[in-house]
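Here is my note on the model. Please read it with the structure open.

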Amino acid sequence: MPATFDEFVADRLDGLLRYATVLTDDPYLAQDIVQEVLLRAQERWPKIDSPPTYVRRMVTNEYLSWRRRLAVRRVTPSSPEALDLMSPPVSDHAIEYDERDAMLDRLAKLPRKQRAAIVLRYYENYSDEEIGAVLRCATSTVRSQISRALATLRETGPSPSVQPTGARK
């Protein structure tokens, strides 16, 4: 585990930006959220016991706050090029881009806590207990949020070749 704040940022910044980008579906808003969170975390650094978990929770909470403030704003999916700016480009076929765009569009329409739970489960590979810790809710609530989100995603027209991977039970 990084000993200093600078080491933590050097080690975790790309992952935090990718996580925030998937949550917000807006790389510029993701950068704003991560920047604000890191500024606050730097002030509290000596008091933080588990920096990765604590900072991830801060990013999630900041995202939920932004979603409340921007509730009337229409979210449109980011282009694949914008997402690639946040991480090294990976060879990708046109169909995979279309599927990713369709999934991001469907995720953007979910309620904020359901979206956060789905992203933490399938993007970050968190267990129900870890998601509950980040969202500050019971494990049963996490399961309920994920179940409802998956039902909504199924109803909105799943792509036949999109399969959730990496989920823990």
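Which residue forms a salt bridge with Arg56? The points below begin with the answer.

1. **Ground rules.** This is a predicted model, where local features need pLDDT of at least 70, side-chain atom pairs count only at pLDDT 80 or more, and totals for chains, interfaces and linings use all residues. Residues are numbered from 1 along each chain as its sequence is written, and side-chain values use heavy atoms, with hydrogens and water left out.

2. **Arg56 and Glu124.** The partner of Arg56 is Glu124, with the closest N and O atoms 3.4 Å apart. A salt bridge here is a side-chain nitrogen of Lys or Arg within 4 Å of a carboxyl oxygen of Asp or Glu. The pair links distant parts of the chain, 68 residues apart. Arg56 sits in helix H3 (residues 51-69). Glu124 lies in the loop between helix H6 (112-123) and helix H7 (128-135). Both residues are buried (under 20% relative accessible area; exposed is over 50%, partly exposed in between; 1.4 Å probe, protein chains only).

3. **Other salt bridges.** The whole structure holds six salt bridges. One of them joins the side chains of Asp11 and Arg12 at 3.4 Å, N to O. Asp11 is exposed, because its relative accessibility is 52%. Arg12, at 31%, is partly exposed. Lys109 and Asp105 also pair through their side chains, again at 3.4 Å, N to O. Lys109 has a relative accessible area of 55%, so it counts as exposed.

4. **Fold content.** The protein has eight helices and zero strands. These are DSSP runs, numbered from the N terminus (helices: H or I, at least four residues; strands: E, at least two).

5. **H1 against H6.** The axes of helix H1 (residues 5-24) and H6 come within 10 Å and cross at roughly 140°. H1 is therefore oblique to H6 (under 35 degrees is roughly parallel, over 145 roughly antiparallel, 65 to 115 roughly perpendicular, the rest oblique). Axes are lines fitted to C-alpha atoms, for helices over the stretch in contact, and angles run from 0 to 180 degrees between N-to-C directions. On the H1 side, the contact (heavy atoms within 4.5 Å) is made by Arg18, Tyr19, Val22, Leu23 and Thr24. H6 supplies Arg115, Ala116, Val119, Leu120 and Tyr123.

6. **Burial overall.** Of the 169 residues in the protein, 43% are buried.
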